[in-house]
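Here is a short briefing to read beside the model. Topics are grouped so that you can check each one on screen.

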Amino acid sequence: MLEVNNLHVHLDTPAGLVKAVDGVSFRLESGQTIGIVGESGSGKSVLAHSLTKLNPEPPATYPKGEILFEGENILKMDKKRLRNLRGKEIAMIFQDPMSSLNPVFKIGRQLMEAIQTHQKLSKKEARQKAIELLIDVGIPDPERRMQDYPHQFSGGMRQRVLIAIALAARPKLLIADEPTTALDVTIQAQIIELLKSIQKKYGTAIIMITHDLGVVANLADRILVMYAGKIVESGSTADIFYDTAMPYTWSLLRSIPRLDAAGSERLLHIEGHPPNLIHPPKGCNFHPRCPFARDACLQTDPPLAERGTNHSAACILSKPEFDKEKQAVAEWKGVLLS
Amino acid sequence: MTSLLEIKDLHVHFPIKNGVLQKTTGHVKALNGIDLTVKKGETLGIVGESGCGKSTLARSIVGLQKPTSGDILFEGNNYTDASSKELYELRRNMQMVFQDPYTSLNPRMKVSESIAAPLKAYKRTKNLESRVKELMELVGLNPDDHYNRLPHEFSGGQRQRIGIARAIALEPQLIVCDEPVSALDVSVQAQVINLFQDLQKKLNLTYVFIAHDLSVINHIADRVAVMYLGKVMERSNRESFQTHAQHPYTNALLSAVPLPDPDKERARERIVLKGELPSPANPPSGCVFHTRCPKATEFCKTNIPVPEERGVAGQEVACFYPVGAEEKARITL
């Protein structure tokens, strides 16, 4: 359904050119959930925004690549077609539900506007549809809540309203950019359950962008791990967690404290911090922080290469080499191997 | 181990003022009867969702917030009514690390000045420069390179290190950390957590570590207190925190955390709590958790549970219907 080929997105900032997305390719089938995992500055949000060409231009430019949605290149669409695409076929929800809603209009009006933009319905019909949507996303007493303003809703409820707006035109693809980051864990669990039930009900494909490996472990069929504008590992959720083939993914998994562990084990210390994309490191972007790095990593920037069925990683170490060295690195760093 | 800090029946209420005359029309009960002790050399983890009063508790401990009632004792001395001079003496032994490393540092002060500030405030200016450099080394900053730099030249993780250097400058006994790693990137968070643990061993520090992230608390704390709406719901040792949690709220929190392990994540049963946190200005009657509790009965609406020791040593649960072993087995990670 969605096919991204060698996508490059550059941001032209006063400080220099930022290659925010640097040659990203992936495919998404309908009804599937892809998780895009990365830290701040990895380019995951810019990538997500490119999928509906939402990055402000300037500074963003798309020098290379294509995004095919059902065979049509989104990057070549005119404004009218894009406006029709956004919301109707591809909808998006964002991290901060307060800034995505207009504070001076009632929720009902904003929801009905979203419905009437894409469907020719009378006011009465749109109202009925809005109430149904609010029931769908689990907002109690929807008829009364339609009369409320965004500030009268809590964070979790606002996120539900945004999901309702996103679902208004039954999109084929829902892009969720850190939708639960600003929420408390119990509310996060509610929203994750909601997204799952919506997918089950309508067969919506979901792209879930997050820094939280736990969230994608629960939701995603496939995972893309991003680092410094590139996909460094992609595979099924099981591949990424149990058959990791890339040092960054491996290090990340060992650097997070885990609730299902005794708590006494040491966390892996990844040196330094994510790189500055105006002056990215030479060779492999991760080499200055990589516990597996060697001299050759300075020279070559390894491309994504096959590690198994639908599993690829960007590293000069082959899978057997990497598996062999993991043991030594785990011992050296004093962390658990698995 | 002797207790370093004791908190007894602590209440902090903020008045809600309304109208032209600013009449008090109610109170936000941020803390509503907190009892906690912190032993020397341990880490007490405090966990809870936003609005449960964890930050108010942190501010009360370091004396930034006057309690409405109740006592806080440091090494046996009650300092709830201490004068500013007494607080000055006290704070030498008690420092704080804040959540946001961007706003807790003065953008115009060089790193060395920020770290030297507490030393100057306590007139320990002998060998100031070498002491600052020593502190920078302790927290993993490069004293030669970073000494004269300004905060904006540092990443979030490095700024948090500066904040930590400043907190340990006076060799305090107790450090209150209010969400010190939640603003950091995943890969940087581990560095800072490791640093906290290393410093604790090296300097024999005691931490009150506040976080909303249960995984972080499970990793760093020796004992854990779970807060909800200004009250402590459950206290336990780390070993029993996730395996023997008995309060329905603790279990709901534990089950809500997504695990970075797809098989476990998909196999386990999740308790999804209904609704959201009630307003602390108008907390529910009886057990404050009854409005969202899956096990609540009529009894919970009118009776207030007191923390009682149950089962495992060191574990206290404020609930009439704690989660039993059989039920626990189904939701265990």
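How many residues does the contact take from chain A and from chain B? The contact takes 38 residues from chain A and 37 from chain B; two residues are in contact if their C-beta atoms, placed from the backbone, lie within 7 Å. This is a predicted model, in which local features need pLDDT of at least 70, side-chain atom pairs count only at pLDDT 80 or more, and totals for chains, interfaces and linings use all residues. Residues are numbered from 1 along each chain as its sequence is written, while chains are lettered from A and ligands numbered from 1 in the order in which they are written.

**The side of chain A that touches chain B**

- Four elements of chain A give two or more residues to this side: α8 (185-202), α9 (213-219), α10 (237-242) and α11 (247-255).
- Helices (H or I, at least four residues) and strands (E, at least two) are DSSP runs, numbered from the N terminus.
- α8(A) supplies the largest share, 7 residues.
- By class, this side has 17 nonpolar, 14 polar and 7 charged residues.
- Here Ala, Val, Leu, Ile, Met, Phe, Trp, Tyr, Cys and Pro count as nonpolar, Asp, Glu, Lys and Arg as charged, and the others, Gly among them, as polar.

**Helix α10 of chain B**

- A residue is buried if 20 or more other C-beta atoms lie within 10 Å of its own; C-beta atoms are placed from the backbone.
- Among the buried residues of α10(B) are B:P248, B:Y249, B:L253 and B:L254.
- The cover over α10(B) includes α8 of chain A.
- From chain B, the cover includes α8 (214-220), β9 (223-228), β10 (231-237) and α13 (325-331).

**Chain B as a whole**

- Chain B has 13 helices and 12 strands.
- The C-alpha atoms of chain B fill a box of roughly 65 × 60 × 45 Å along the principal axes.
- Buried residues make up 47% of chain B.
- Of the contacts in chain B with a separation of 6 or more, 66% join residues 24 or more positions apart.

**Sheets of chain B**

- An open sheet of 8 strands runs β6-β7-β8-β3-β9-β10-β12-β11, with mixed pairing.
- Two strands pair if DSSP finds at least two bridges between them.
- β6 (94-97) and β11 (308-309) stand at the edges with a single partner strand each, so one side of each has no neighbour in the sheet.
- β6(B) runs parallel to β7 (174-178), joined by 4 bridges; B:Q95 has B:I175 as its bridge partner.
- A second open sheet has 4 strands in the order β2-β1-β4-β5, and its pairing is antiparallel.
- Its edge strands are β2 (23-39) and β5 (77-78).
- β1 (3-18) and β2 of chain B are joined by 13 bridges, and B:H13 stands opposite B:K29.

**Annotation from UniProt**

- An unreviewed UniProt entry lists "domain: ABC transporter" for residues 5-254 of chain B.
- UniProt annotations may be inferred rather than shown by experiment; positions follow the numbering used here, and feature names are shortened.
- Over residues 5-254, chain B is 36% helix and 29% strand, and the end C-alpha atoms are 27 Å apart.

Terms used
A residue is buried if 20 or more other C-beta atoms lie within 10 Å of its own, exposed if 12 or fewer, and partly exposed in between; C-beta atoms are placed from the backbone.
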